[in-house]
Protein chains: 2
Amino acid sequence: MGRRRAFDEDEVVRAAVELFGGRAYDGVSVDDLVTHLGVHRNSLYKTFGSKRGLYLVALRRHLADDVRPLAEALAAAKDSATVLRLVASADLGLLLLAAVERASSDEEVAAEVSTAFASLDQAISDALGVSAALAAALTAAALGLRLRGNPDGAGAALTQRLDPLN
Amino acid sequence: MGRRRAFDEDEVVRAAVELFGGRAYDGVSVDDLVTHLGVHRNSLYKTFGSKRGLYLVALRRHLADDVRPLAEALAAAKDSATVLRLVASADLGLLLLAAVERASSDEEVAAEVSTAFASLDQAISDALGVSAALAAALTAAALGLRLRGNPDGAGAALTQRLDPLN
DNA sequence: ATTTTTGAGGAACGATTGTTCTTGACTGAT
DNA sequence: ATCAGTCAAGAACAATCGTTCCTCAAAAAT
């Protein structure tokens with residue numbers, strides 16, 4: 001009943017993840033989304049309700065597609081070097097941006113970000129057998145390194161002091 | 001020659017640091033600035049040229065007022081615990097936000113952020129006598145902790161593994 | 001006292017923001 | 001073949017964006 005969609009919703013959401021992961025929420029206009037996602041304004045609003053609605057869907061997809069696999073990979077980590085390497089090589093642009101610039105003014109975003117961090121902490125804590133506090137510190141350190149663009153040798157210098165952890 | 005200003009430029013810039021340090025650049029409108037800074041639009045543009053001009057002045061003031069004192073305090077640090085405590089207690093909202101959401105699209109901002117990080121690295125490296133790489137890692141870790149809102153015990157858990165550094 | 005310079009005040013600019021409306025084409029069901 | 005429901009296309013919405021203009025008051029310089 002009715003006409004079929006001419007766009008792939010999954011592709012659209014993935015493209016939105018890329019856009020929102022590259023610049024601030026207010027820096028991405030609906031025009032940008034329409035242009036880069038290849039979806040008409042009307043369809044966008046029909047499907048996602050609003051710009052914020054699309055953002056939330058994109059954020060959740062980012063967590064499902066990028067953060068959860070990272071957590072699963074972390075579960076097999078044996079040392080902090082592996083942890084930092086895995087986090088550093090993961091695509092976490094949207095999560096980082098959401099944490100810094102959206103969480104403070106959108107509590108739904110804040111909740112998603114918080115549980116995402118918690119899942120990373122848990123994975124690290126389980127994998128390395130360390131306290132929750134140290135796991136949170138490792139997540140924080142890895143995010144900080146990512147934020148700074150992974151300066152040469154910084155990760156190695158840190159893990160050299162940290163391993164072995166037991 | 002001419003009428004005197006009715007506003008204190010320093011106060012205005014400090015207030016701008018607070019505003020820009022609290023939410024994203026595009027989230028702060030000129031109307032917001034006019035309202036919270038107590039300066040008329042006209043004077044704002046006469047004095048700073050543009051919104052971006054005011055932002056750059058605010059960023060540089062933030063670096064001079066908040067980041068440089070932090071670097072000086074770090075110079076007296078004897079262990080990584082002190083480093084993390086100092087960085088965690090410093091007001092670095094604007095620097096963090098600038099690094100995450102402005103540096104990628106404004107190379108002048110990127111340059112300021114880069115030298116600011118470098119000065120912190122240098123201070124830590126000098127104070128603790130560690131390599132530049134490890135100093136960068138410590139700065140990154142401290143920023144990551146700040147980003148996560150300093151989870152209970154995370155800083156302590158990290159420094160417990162790091163100190164002594166020599 | 002007059003001139004000249006500058007800031008304050010506020011309206012207004014065009015452009016862009018997020019969102020909605022109208023129209024028509026397409027397609028599955030009757 | 002007709003109907004009903006969904007989508008695409010694009011114009012258009014009010015609101016807000018950053019910015020500028022015009023006018024007048026204030027104060028330093030002549």
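1. An unreviewed UniProt entry puts "domain: HTH tetR-type" at residues 6-66 of chain A. UniProt positions follow the numbering used here, feature names are shortened, and annotations may be inferred rather than shown by experiment. In this predicted model, the span is 75% helix and 0% strand, and its end C-alpha atoms lie 26 Å apart. Helices here are DSSP runs of H or I with at least four residues, strands are runs of E with at least two, and both are numbered from the N terminus.

2. Ground rules. Residues count from 1 along each chain as its sequence is written, while chains are lettered from A and ligands numbered from 1 in the order in which they are written. As this is a predicted model, local features need pLDDT of at least 70 and side-chain atom pairs count only at pLDDT 80 or more, whereas totals for chains, interfaces and linings use all residues.

3. The chain as a whole. Chain A has nine helices and zero strands, so you can read it as α-α-α-α-α-α-α-α-α along the sequence. Its C-alpha atoms fill a box of roughly 60 × 30 × 25 Å along the principal axes. Of the 166 residues in chain A, 43% are buried; that label takes 20 or more other C-beta atoms within 10 Å of a residue's own, with exposed meaning 12 or fewer, partly exposed in between, and C-beta atoms placed from the backbone. Among contacts in chain A with a separation of 6 or more, 64% are between residues 24 or more positions apart, a contact being two C-beta atoms, placed from the backbone, within 7 Å.

4. At least two residues each come from α2 (30-37) and α3 (41-48) of chain A and from α3 (41-48) of chain B. The most comes from α3(B), with four residues. By class, the surface near DNA strand C has six nonpolar, eight polar and nine charged residues. The classes are: Ala, Val, Leu, Ile, Met, Phe, Trp, Tyr, Cys and Pro nonpolar; Asp, Glu, Lys and Arg charged; the others, Gly among them, polar.

5. Symmetry. Chain A goes onto chain B by a rotation of 180° with 0.0 Å of shift along the axis, at an RMSD of 0.0 Å. The two copies are therefore related as by a two-fold rotation axis. The same surface serves both copies, since 100% of the contact residues of chain A recur in chain B.

6. The chain A-chain B interface. Here 35 residues of chain A contact 35 residues of chain B. On the chain A side, α6 (93-102), α8 (132-147) and α9 (154-162) each supply at least two residues, and α8(A) has the largest share, with 11 residues. That side holds 22 nonpolar, seven polar and six charged residues.

7. A look at α9. The buried residues of α9(A) are Ala154(A), Gly155(A), Ala157(A), Leu158(A), Thr159(A) and Leu162(A). Their cover includes α5 (80-89) and α8 of chain A together with α8 (132-147) and α9 of chain B. Over in chain B, Ala156(B) lies in α9 (residues 154-162) and is partly exposed because 14 other C-beta atoms lie within 10 Å.

8. The core. The largest nonpolar core has 117 residues, and those with the most contacts inside it are Ala16(A), Ala137(A), Ala16(B) and Ala137(B). Its largest share, 11 residues, comes from α8(B). Such a core is a set of buried Ala, Val, Leu, Ile, Met, Phe, Trp, Tyr and Cys residues joined through C-beta atoms within 7 Å. Leaving out residues up to four places away in sequence, Ala16(B) touches Leu33(B), Leu37(B), Leu54(B) and Ala58(B).

9. One backbone detail to look at. Most residues other than glycine have a negative phi. Asn150(A), in the loop between α8 and α9 of chain A, has a positive phi near 50°. Asn150(A) is partly exposed, with 18 other C-beta atoms within 10 Å. In chain B, Asn150(B) also has a phi near 50°.

Notes:
Least-squares fit on C-alpha atoms with pLDDT ≥ 70 in both.
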